[in-house]
Amino acid sequence: MESLLQSLLGDNLLTVVLYCALPLVFLLLYALLAILGEVKISAWMQDRLGPMRTGPWGIIQPIADVFKLLQKEDITPAKADKFLFNLAPFLSFMSAYAAFAVIPFSSQYVGADLNLGLFYLLAISSLNVAAIIMAGWASNNKYSLYGSMRAVAQIVSYEVPAAMVLVIIVMFVGSLNLQDITTAQSGPFWNWMVFGGPKQDVVLASGEVLSASWVNLIFLPFFLASFLMYYIAGLAETNRTPFDIPEAESELVSGYHTEYSGMKFAMFFMSEYANMFLVSAVVAVLFFGGWNSPFGVYLGDAFDAPWLVAVEQFGWLAFKGLFFVFVMIWVRWTLPRLRVDQLMYMSWKVLIPFSFGIALVVGFLVVIL
Amino acid sequence: MSGYFKDIYAGISTALVGMRITWNHLFVKNVTIQYPDEKHDIPERVRNRLYVNMDDCIGCDQCAKACPVNCITIETAKALPDEELGETSTGNRKRLWVTQFDIDIAKCCFCGLCVPPCPTVCIFMTPVFEFSEYNREDLIYRFSTLTAEEGAVKTANAERAKQEAEAKKAAEMEAKKKAAAEKAAAEKAAAEKAAAEKPADEPSTAPDQSDAPATGTAPTQSETPTPDNNG
């Protein structure tokens with residue numbers, strides 16, 4: 001992909017910029033879709049129609065929303081810490097976007113093919129916490145501060161089980177590289193981690209051979225539980241309902257972004273949606289085969305067109321990611337918000353013991369099998 | 001310990017139950033009515049905007065009297081004897097020009113109390129509910145079929161007719177009084193004549209006075225009784 005771009009453009013710098021910007025293009029289009037999806041799905045779940053006036057069936061509504069946000073006055077509170085206040089939304093979006101560097105969109109495209117991919121992912125997505133507490137502190141508003149305090153407590157709590165689940169997968173595959181983890185699940189859908197991982201030997205992208213057999217079915221319950229735990233932790237990390245206590249409208253106005261308006265608010269919004277897709281994509285990569293087709297074959301192979309294979313792979317990842325984003329929206333309009341104590345109970349007394357227990361069992365099984 | 005696992009099971013299973021419900025609602029027919037394009041069916045006997053069918057209005061002022069918020073203002077003028085206003089659809093003869101029939105719909109409380117008293121069923125509530133205006137003055141509905149000028153003419157006509165009638169009445173009264181006085185004077189004169197053989201100067205002035213008011217109708221005479229009659 002990179003070499004293709006370079007041959008097309010013949011310019012190193014331009015190639016790098018374009019290569020980096022590709023996920024951003026996808027992300028912006030996805031955000032429009034997700035905004036529309038959120039309003040439409042919530043409306044349908046409540047037997048309403050949702051926006052219907054802007055364009056046919058209201059499909060231009062997200063664009064109208066963006067233009068509204070662009071026109072809005074950019075207000076900075078008089079007693080806010082201006083520097084931090086202005087920095088926070090960009091840091092928030094930056095942390096969400098930087099994490100996309102290691103997401104393998106197809107076998108041909110991954111922003112940075114890091115061997116420490118998952119570690120980088122954990123580290124960079126934790127930066128969001130800093131952005132949130134920055135926003136809450138700099139706003140000089142009690143609701144913002146409460147919101148950011150809750151957000152930090154929540155994200156830090158849920159990072160532990162999320163990291164532990166990543167460790168489970170890493171132990172199984174033996175690599176932190178997301179491309180490796182995806183390759184390990186190549187073939188039909190029963191090779192996906194959520195169904196117990198590969199059933200025959202796989203050659204990883206790094207060249208190592210991961211020996212596997214149908215005995216791996218024994219991992220199915222553990223990986224299924226890990227998937228569920230990671231998804232729950234992901235919901236909590238993105239501050240989505242039912243874990244939206246940091247921006248609980250009924251208690252805290254809107255949490256850490258109470259004082260933000262216009263494009264700075266839009267940046268927080270973008271970062272939330274980017275984080276949603278990030279968590280969904282990571283779930284897809286770790287448990288649902290990433291860019292792997294569920295049938296194990298590609299249309300491009302039949303036509304002997306490698307570029308079509310790459311496009312298909314991207315399509316599968318996008319489809320899986322969008323599906324989990326849909327589930328997030330679905331959950332949002334189903335479950336009510338948790339109390340703070342329930343939230344902490346869930347993390348420290350349920351997810352963490354279970355994730356450690358599963359890590360122990362999976363580690364043991366990996367060693368003996 | 002078993003409670004702990006039971007809680008986890010309950011948490012997951014109830015979340016799934018909830019998700020099944022919302023999933024099913026994804027495919028439920030929506031209940032939204034896209035208002036300006038399509039409208040809700042309005043009940044048959046709904047009470048919304050008032051309407052007055054002026055063809056049937058006899059100007060009886062019953063509705064204005066019934067109105068608890070005084071939003072109906074009616075002014076009428078008596079028709080001249082040679083003016084034929086026709087009949088209402090209920091067969092009542094119209095005798096009054098309705099020079100003003102204003103309903104301040106902004107004040108109207110949609111109680112419907114003005115509807116039953118109407119003898120000709122000409123005021124009624126329609127199902128129309130979209131009648132917002134930019135100016136409050138536009139919410140005063142003027143139902144009278146006469147223009148302001150026509151109304152003024154009719155009022156003046158009626159006033160004149162009234163004055164004429166009153167003048168006539170006053171003249172008749174005067175004449176009657178005169179006649180009575182004359183009669184009394186004559187009787188008195190006769191009595192006096194009979195009593196004492198004195199001159200006949202007094203009765204000679206009486207005929208002059210009785211002639212004058214019969215035709216002239218001095219305004220001063222007619223104006224004084226008008227307030228009494230109206231009151």
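## A walk through chains A and B

Chain A is divided into two parts: domain 1 spans 23-71 and domain 2 spans 72-368. The model is a predicted one. Between the C-alpha centres of domain 1 and domain 2 of chain A the distance is 23 Å. The two domains touch. Contact involves 15 residues of domain 1 of chain A and 18 residues of domain 2 of chain A. On the domain 1 side, α2 and α3 (61-71) of chain A each supply at least two residues. By type, the residues of domain 1 of chain A that touch domain 2 of chain A divide into 10 nonpolar, 3 polar and 2 charged.

Next, one helix of chain A. Helix α11 of chain A runs over residues 262-287 and has 26 residues. From its first C-alpha to its last, α11(A) reaches 37 Å. That is close to the 38 Å expected at 1.5 Å a residue. How much of α11(A) is buried? Of the 26 residues of α11(A), 23 are buried, so this helix is largely enclosed by the rest of the structure. Buried here means that 20 or more other C-beta atoms lie within 10 Å of the residue's own. Just after α11(A) comes a glycine with a positive phi: Gly289(A), at about 80°.

Now the meeting of the chains. In chain A, 12 residues are in contact with 12 residues of chain B. Which helices of chain A each supply at least two residues of the side that touches chain B? They are α2 (12-45) and α13 (306-332). The residues on the chain A side of the contact with chain B divide into 9 nonpolar, 1 polar and 2 charged.

Turn to chain B. Its secondary structure comes to 6 helices and 5 strands. Along the sequence the pattern reads α-β-α-β-β-β-β-α-α-α-α. Buried residues make up 12% of the 231 residues in chain B. Take the contacts in chain B between residues at least 6 apart in sequence: 76% of them join residues at least 24 apart.

Chain B holds an open sheet of 3 strands, in the order β2-β3-β5, with antiparallel pairing. The edge strands are β2 (72-78) and β5 (140-142) of chain B, and each pairs on one side only. From one strand to the next the twist averages 15°. Strand β3 of chain B covers residues 96-104 and pairs with β5(B) in the antiparallel sense over 3 bridges. Asp102(B) stands opposite Arg142(B), which is in β5(B).

Two loop residues of chain B deserve a look at their backbone. Most residues other than glycine have a negative phi. Asp61(B) has a positive phi, near 70°, and is not a glycine. Asp61(B) is found in the loop between β1 (50-52) and α2 (62-66) of chain B. Is Asp61(B) buried or partly exposed? Asp61(B) has 17 other C-beta atoms within 10 Å, so it counts as partly exposed. Val121(B) also has a positive phi, of about 50°, although it is not a glycine. Val121(B) is found in the loop between β3 and β4 (123-125) of chain B. With 13 other C-beta atoms within 10 Å, Val121(B) is partly exposed.

Technical notes:
Residues numbered from 1 in each chain as written. Chains lettered and ligands numbered in written order. Predicted model: local features only at pLDDT ≥ 70, side-chain atom pairs only at ≥ 80, totals over all residues. Helix = DSSP H or I, 4+ residues; strand = E, 2+ residues; numbered from the N terminus. Expected span 1.5 Å × (residues − 1). Contact = placed C-beta atoms within 7 Å. Nonpolar A, V, L, I, M, F, W, Y, C, P; charged D, E, K, R; others polar. Domains from an automatic or database assignment. Pairing = 2+ DSSP bridges. Axes fitted to C-alpha atoms, helices over the stretch in contact; angles between N-to-C directions.
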